[in-house]
Amino acid sequence: MNPGNILQIIIIATGIFIEIVTINSLAHRKMTESFCLAWGLIALILIVAGILLRPTEWSSFISPMGLALVIMVGFCAVYVAYFMSTKVSELSRKNQELAIQISLLSQENQQLAGQLERLAEIVEEGRKGETVEKDPDRD
């Protein structure tokens, strides 16, 4: 088996692995839908590229150890990008939850302010009523 076929198999396997991990991340809500869609597209491109491209002359340009190094660097780059995607998705979800909580707290604050104003009006009316009642008693 020549290095071109090995590279093809690695590209196809990587695409399938990324697709599985992406679907799993979507199911467990680790990533947002937009990131999962992008990763799904990347996985599909890798699978199609692995099937259609025939890297037959790679062995004349790069040694087997060089190819292994390039593959490891590629895997590291994909892992870092995936890790960053999950962290950005997590922060995005937390930001959305905080915005919802702030909105609910603001609404509750407005309701409490309205109730406080009504209570202040009732207390003020009660004080005016006491003053009016006490004035005739003094005479």
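Reader: Which residues is R93 in contact with, leaving aside its neighbours within four places in sequence?

Author: R93 is in contact with R29, M31 and T32, where contact means heavy atoms within 4.5 Å. This is a predicted model, in which local features need pLDDT of at least 70 and side-chain atom pairs count only at pLDDT 80 or more, while totals for chains, interfaces and linings use all residues. Residues are numbered from 1 along each chain as its sequence is written, and side-chain values use heavy atoms, with hydrogens and water left out.

Reader: What does the side chain of R93 reach at 2.8 Å?

Author: The side chain of R93 reaches the backbone oxygen of M31 at that distance. A polar contact is a pair of N or O atoms within 3.5 Å; within protein, one must be able to donate a hydrogen and the other to accept it, and residues adjacent in sequence count only if both atoms are side-chain atoms. A polar atom of the R93 side chain also lies 3.4 Å from the backbone oxygen of R29.

Reader: Why is R29 called exposed?

Author: R29 has a relative accessible area of 53%, and exposed means over 50%, buried under 20% and partly exposed in between (1.4 Å probe, protein chains only). R29 is therefore exposed. R29 is found in the loop between helix 1 (3-27) and helix 2; helices (H or I, at least four residues) are DSSP runs, numbered from the N terminus.

Reader: How do you know that T22 is buried?

Author: The relative accessible area of T22 is 4%, so T22 falls under the limit for buried residues. T22 lies in helix 1, and its side chain reaches the backbone oxygen of I18 at 2.7 Å.

Reader: What makes up the largest nonpolar core?

Author: Six residues form this core: I18, M31, C36, W39, A43 and Y82. Helix 2 (residues 33-52) gives the most to the core, with three residues. A nonpolar core is a set of buried Ala, Val, Leu, Ile, Met, Phe, Trp, Tyr and Cys residues joined through side-chain atoms within 4.5 Å.

Reader: How many aromatic pairs does the structure hold?

Author: The structure holds two aromatic pairs. Rings of Phe, Tyr and Trp (its six-membered ring) pair if their centres lie within 6.5 Å; planes under 30 degrees apart count as stacked, over 60 as edge-to-face and the rest as tilted. The rings of W39 and Y82 have centres 6.0 Å apart and planes at 75°, so this pair is edge-to-face. The pair links distant parts of the chain, with W39 in helix 2 and Y82 in helix 4, 43 residues apart.

Reader: Why is the pair of Y79 and F83 called stacked?

Author: The ring centres of Y79 and F83 are 6.4 Å apart and the planes are at 25°, so the pair is stacked. Y79 and F83 both lie in helix 4, four residues apart, about one turn of the helix.

Definitions and conventions: Helices (H or I, at least four residues) and strands (E, at least two) are DSSP runs, numbered from the N terminus.
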